[in-house]
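Trainee: Can you walk me through this model? I'd like to start with the ligand and then move on to charged pairs.

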Amino acid sequence: MLTRPNLVVVLFFTLLLGCLLALPFVAGPYPVKLMTRIVIIATFVLSLDLLIGVTGLVSFGHAAFFGCGAYAVYFVSPEAEAANVIVALGAGLLAGGLAALVVGAFATLTRGFYFIMVTLAAGQMLFALFHDTDIAKGSDGAYINVKPELTLAGLTLLDFSDRRQFYYVCVVVLIAAYGLLLALVRSPFGRVLQGIRANEVRMSSLGYDTYRYKLAAFTIAGMVAGLAGALFASIDGFVTPDLLNWHQSGLAIMMVVLGGAGTLFGPILGALAYSSLEELLKTASIVGSFVADHWRLGTGATLIAAVLMSPDGLAGLLNWRRKQPQATPARPPADEPQRPAKTAKALATNHLSKNFNGIAAVSDVTVTFEPNKVHAIIGPNGAGKTTFTNLLSGALPASAGSVQIDELDVTGWPAYRIARAGLGRSYQRTNIFPRFTVRENCALAAQLDKGALWRLRDAPYRTREQAAVDRALRVAGLADRGDTIAGRMSNGEQRQLEIAMLIASGADLLILDEPLAGMGPEETQRVVALLRDLVRDHTVIVIEHDMDAVFAAADTLTVLVQGKLFARGRPDEIRRNEAVLEAYLGHHAKMKESA
Ligand SMILES: Nc1ncnc2c1ncn2[C@@H]1O[C@H](COP(=O)(O)OP(=O)(O)OP(=O)(O)O)[C@@H](O)[C@H]1O
């Protein structure tokens with residue numbers, strides 16, 4: 001997750017800030033105007049990093065919101081008078097945010113390439129709106145005759161036509177935007193965005209409505225881009241449809257990558273470096289006319305070289321990213337004080353079925369999983385076990401039948417709602433946030449505050465959540481692994497972490513898909529003990545192929561064969577069931593041995 005900048009970075013940026021503030025006193029009008037432009041572009045690029053680097057949304061239409069902000073200033077500016085600075089900037093911010101809200105409402109329904117395509121297409125539609133119609137003088141662009149001013153009782157407090165004043169306003173806006181976005185990214189809301197970037201499926205199954213979070217991030221980024229656009233319109237008092245064009249979005253993506261996506265101020269560095277480089281390569285008196293005539297070749301080659309040399313961008317060169325702590329060897333679980341017993345939730349299905357193009361993966365299964373028990377679901381490969389659990393957790397919609405958690409009918413609910421109803425699940429393949437620490441993984445699960453999208457402060461819940469994380473790590477036997485990067489732990493420990501996350505989330509109905517996969521005998525023993533311990537306050541449904549472990553851990557066994565409920569009973573009953581032995585024997589000789 002985004003961490004505090006190290007000393008080198010702080011010193012570097014303090015120096016940079018000093019240079020920015022001193023510039024108007026030591027340089028002439030041209031460098032000040034050039035730096036004003038760079039500072040505005042940096043604000044725009046910073047807003048894009050909230051999407052690309054923080055949330056993992058590669059938007060190819062972000063310039064459209066920048067352009068909408070610029071045009072908003074044109075629309076609120078009277079013909080022969082100055083617009084109020086607050087009205088002009090506010091209009092830019094709102095225009096960018098509103099456009100982003102509308103585009104984002106569709107775009108954030110999609111993922112990956114489709115998201116890129118939708119943002120690109122929507123951006124080009126907005127470009128066409130200004131380019132092909134007369135709402136703002138079409139492709140020629142439009143002039144803002146008098147630049148915005150702020151007057152109070154006849155006294156002019158701010159005048160954007162004063163280069164120095166305007167420059168300082170732009171610097172202040174950049175610093176404020178950086179500060180606000182940094183605070184946002186470090187807040188519980190921002191941690192969810194980072195979780196979505198790392199593993200959106202996992203976030204949904206933890207109970208987060210990822211659509212709402214992505215849309216919120218998209219809109220905030222659009223607002224900041226719109227604000228930057230409003231400032232940009234005030235540089236020359238001229239707006240053109242090109243501001244919205246896709247190549248501006250492409251340029252901004254390049255600056256984000258060059259600076260270091262996900263660091264927030266790497267992209268500021270990227271904007272500064274790219275714009276300075278472009279300016280340098282265009283100056284024939286310094287680089288010669290040949291280079292100046294072909295400056296794009298120069299910027300392209302430099303970008304490629306920079307990315308190859310430092311994949312983490314310029315921020316990476318400043319060692320912006322956190323050093324990952326070394327993995328520590330696995331230790332036995334810490335002793336856990338006795339937890340009070342608690343009645344957990346029950347789960348029931350009624351004639352539940354799922355067809356895939358005519359294949360009945362799950363067929364008419366009616367079963368009740370009683371509370372505070374370990375229920376194992378077993379069956380040969382392809383029996384429908386995973387499909388069945390996907391129906392229970394909302395990962396797949398049922399073709400027929402219903403699912404109930406206690407008295408609540410959750411049939412057709414999306415995964416995140418079912419998770420909020422108390423059902424947590426782990427996956428056949430380990431599904432964690434590998435770059436986050438163990439504690440951060442659990443904290444993301446623990447901070448799920450039902451229904452609260454805009455949680456910006458840790459404070460009111462910090463103690464409760466830390467206690468939940470500590471408890472989950474203790475129960476799962478990971479108490480001494482909190483600071484380890486999750487992806488560096490052994491497979492067995494990662495499986496334990498999945499269980500810890502479910503416990504931290506407060507789920508009391510746990511579905512564990514092959515929790516023992518890839519584990520050695522010692523780890524298996526530990527997890528079996530953990531399952532037995534969990535039933536004190538959880539209902540556990542486990543799919544598992546290791547029959548010794550199943551018989552050691554389970555209170556009931558549900559046997560699925562060809563999608564149908566084949567048998568159900570206590571372990572000793574299933575052991576003696578000839579039909580089960582017959583149907584399952586070919587796949588699991590081990591089961592017979594253990595019988
Ligand atoms: N998305 C899908 N599209 C089409 N068929 C599917 C899909 N998912 C599962 N199936 C089919 O449904 C049947 C049940 O598969 P499922 O993965 O649920 O079985 P399983 O018991 O979990 O198997 P395993 O133990 O190997 O994981 C199989 O025939 C499988 O090919």
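Mentor: First a term: a polar contact is a pair of N or O atoms within 3.5 Å; within protein, one must be able to donate a hydrogen and the other to accept it, and residues adjacent in sequence count only if both atoms are side-chain atoms. Now the ground rules. This is a predicted model, where local features need pLDDT of at least 70, side-chain atom pairs count only at pLDDT 80 or more, and totals for chains, interfaces and linings use all residues. Residues are numbered from 1 along each chain as its sequence is written, and side-chain values use heavy atoms, with hydrogens and water left out.

Trainee: How far is the polar side-chain atom of Thr387 from an oxygen atom of the ligand?

Mentor: The distance is 2.5 Å.

Trainee: Which polar backbone atoms sit by a ligand oxygen?

Mentor: One belongs to Gly382, at 2.9 Å. Another belongs to Ala383, at 3.0 Å. The protein covers 60% of the 630 Å² of accessible area that the ligand has on its own (Shrake-Rupley method, 1.4 Å probe; for residues, only the protein chains shown count as cover).

Trainee: Which residues are around the ligand?

Mentor: Among them are Phe356, Lys385, Gln428 and His545.

Trainee: New topic. How many salt bridges does the structure hold?

Mentor: There are 15. A salt bridge is a side-chain nitrogen of Lys or Arg within 4 Å of a carboxyl oxygen of Asp or Glu.

Trainee: What does Lys33 pair with?

Mentor: Asp236, with the closest N and O atoms 2.8 Å apart. This pair links distant parts of the chain: Lys33 is in helix H2 (residues 29-55), Asp236 in helix H9 (residues 210-236), 203 residues apart.

Trainee: And Glu278, what is its partner?

Mentor: Lys282, again with closest N and O atoms 2.8 Å apart. Both lie in helix H11 (residues 265-282), four residues apart, about one turn of the helix.

Trainee: Is Glu278 buried or exposed?

Mentor: Glu278 is at 18% relative accessibility, so it counts as buried. Lys282 is at 38%, so it counts as partly exposed. Buried means under 20% relative accessible area, exposed over 50%, partly exposed in between (1.4 Å probe, protein chains only).

Methods. Helices (H or I, at least four residues) and strands (E, at least two) are DSSP runs, numbered from the N terminus. A residue is near a molecule or strand if one of its heavy atoms lies within 4 Å of it.
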